[in-house]
Amino acid sequence: METYKHKTILITGASSGIGEAFAKRLDELGANLILTARSEDKLDQLASCMKNAIVISGDLSDKSFPKTLYNKINEKNLKIDILINNAGFGFSGLFLKSSFRNYEEMLNVNIYSLTELTHLFLEDMVKLGKGGIINVSSLASYQPIPYFSIYAATKSYVTSFTLSLYEEYADQGIHVMAVCPGYTKTNFNKRAKISSKSVPGYIMTSEDVVEESLKAFKNKKHIIINGKINRFAKWFISFLPTKIAMKLSKNIIKKGMDNKRW
């Protein structure tokens, strides 16, 4: 895919899961990568196996880090061609079962940092009249999900925000796209307290999600729901009244929690 060759691409949450898969595939496609995540050791190991990748580690739950990251990239005289806002996490369970501090960190990573990084780098892209942004959202963004209340709400923000930017900046040479995977085999599952086995629905690998997403971005799509079964699920749910859809998702997730799958 020539779209990515020699492009400078920043990937957040690049140390594992979908972010790592983006990094590996884009390295194969000849991109110049900037990798960021909390785990500096993992990033260094990943970058050491790549043709042209640098590491700037940091914690996106810290509200000061997006600007720090932006400044460090500018200090290296680098211009970002494509920003991939992949970092994100969630917690499963009753709303009151997790501390507010956990939710604050989730909101900072999933919403605040994504928004600030987009604001910072989009301004530079507009000045150049070219660039691209891929925001990794979720199939969960399409409806309220009991026991994943905050996570689903943050991803609803990401999808809505991304589609709005797509329309706002399409005529300025900027391509913005939302990626909406369903359940994917990643380290997200451990933090969200989800088992990696017997999960209802279509399970994709991170590599499958990335390959489909990069093709969609190349073809100037504004959104991709990854996987045929997930696209069907979104279509089916759209016909249900919200109350019924919430009850259905609640029962599925509650059953999984009772069986220690979530």
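**Note on the sheet, the cavities and the confidence of the model**

1. In this predicted model, an open sheet of 7 strands runs in the order S3-S2-S1-S4-S5-S6-S9 with parallel pairing. Strand S3 (53–55) and strand S9 (223–225) stand at the edges with a single partner strand each, so one side of each has no neighbour in the sheet. Neighbouring strands are turned by 15° against each other on average, direction ignored. Strands here are DSSP runs of E of at least two residues, helices are runs of H or I of at least four, both numbered from the N terminus, and two strands pair if DSSP finds at least two bridges between them.

2. Strand S1 (residues 8–12) pairs with strand S2 (residues 32–36) in the parallel sense over 5 bridges, and Leu-10 stands opposite Ile-34 in S2. Helix H4 (residues 100–128) packs on the sheet, where it touches S1, strand S4 (82–85), strand S5 (131–136) and strand S6 (174–180), and its direction makes about 170° with that of S4. Contact means heavy atoms within 4.5 Å; axes are lines fitted to C-alpha atoms, for helices over the stretch in contact, with angles from 0 to 180 degrees between N-to-C directions.

3. There are 3 cavities of 30 Å³ or more, a cavity being a set of points on a 1 Å grid over the protein atoms alone where a 1.4 Å probe fits but cannot get out, with lining residues having an atom within 4 Å of a point. Grid points are joined across faces, edges and corners, and a volume is the space filled by probe spheres set on the points.

4. The largest cavity holds about 50 Å³, and its lining includes Phe-91, Phe-95, Tyr-103, Tyr-147 and Phe-148. By class this lining has 7 nonpolar, 4 polar and no charged residues, where Ala, Val, Leu, Ile, Met, Phe, Trp, Tyr, Cys and Pro count as nonpolar, Asp, Glu, Lys and Arg as charged, and the others, Gly among them, as polar.

5. The second largest cavity has about 40 Å³, and H4 gives the most to its lining, with 4 residues. Among the lining residues are Thr-12, Asn-85, Val-109 and Leu-117.

6. The chain averages a pLDDT (the predictor's confidence in each residue, from 0 to 100) of 90, and 90% of the residues score at least 70. Over residues 186–201 the pLDDT is below 50, although this stretch has 40 contacts in the model beyond near neighbours in sequence. Where pLDDT is low, the predicted coordinates should not be read in detail.

7. Residues are numbered from 1 along each chain as its sequence is written, and side-chain values use heavy atoms, with hydrogens and water left out. Local features need pLDDT of at least 70 and side-chain atom pairs count only at pLDDT 80 or more, whereas totals for chains, interfaces and linings use all residues.

Terms used
On a 1 Å grid over the protein atoms alone, a cavity is a set of points where a 1.4 Å probe fits but cannot get out, and a pocket is an open set with protein on both sides within 12 Å along at least five of seven lines; lining residues have an atom within 4 Å of a point.
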